[in-house]
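Here are my notes on the charged side chains in this one. Have a look at the model first, then read on.

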Amino acid sequence: MLKPLNDNVVVELKEAEKKTASGIILSGESGAPTHAEGIVMAVGPGKSLDNGLKAPLAVEVGQRVLFSNFGGTKIKHEGSELVILAESEILAIAE
């Protein structure tokens with residue numbers, strides 16, 4: 001597994017829904033969401049502060065998060081589609 005540095009987070013991408021809640025099937029880019037969703041797989045130790053301490057991250061391994069489709073760096077690692085992004089790029093934690 002990857003070990004992120006500083007305030008970076010590794011997220012495994014979750015495939016976007018191809019059907020709406022009412023049963024309408026989405027096709028092509030017109031139905032593409034402007035956000036991405038995934039599960040946090042690893043978190044860094046936190047951002048370094050001026051006093052030398054680390055600011056803890058607000059997200060934890062296993063949480064489902066939403067982030068911009070255009071955020072982070074998408075990679076393939078050990079057969080999984082992952083994205084590495086800064087904690088500040090995470091829009092929300094889905095509970």
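**Notes on the charged residues**

1. Let's start with Glu-37, which counts as buried at 18% relative accessibility (buried is under 20% relative accessible area, exposed is over 50%, and partly exposed is in between, with a 1.4 Å probe and protein chains only).

2. Before going further: this is a predicted model, where local features need pLDDT of at least 70, side-chain atom pairs count only at pLDDT 80 or more, and totals for chains, interfaces and linings use all residues. Residues are numbered from 1 along each chain as its sequence is written, and side-chain values use heavy atoms, with hydrogens and water left out.

3. A search of the whole structure turns up two salt bridges (a side-chain nitrogen of Lys or Arg within 4 Å of a carboxyl oxygen of Asp or Glu). Glu-37 pairs with Lys-14 at 3.3 Å, N to O. Glu-37 also pairs with Arg-64, at 2.4 Å, N to O.

4. Shared partners join Lys-14, Glu-37 and Arg-64 into one network.

5. How exposed are the positive partners? Lys-14 is partly exposed at 40% relative accessibility, and Arg-64 is partly exposed at 31%.

6. Please also check Asp-7, which is buried but has no salt bridge. Its nearest side chain of opposite charge, Lys-47, is 5.2 Å away (Lys and Arg count as positive, Asp and Glu as negative; His and the chain ends are not counted).
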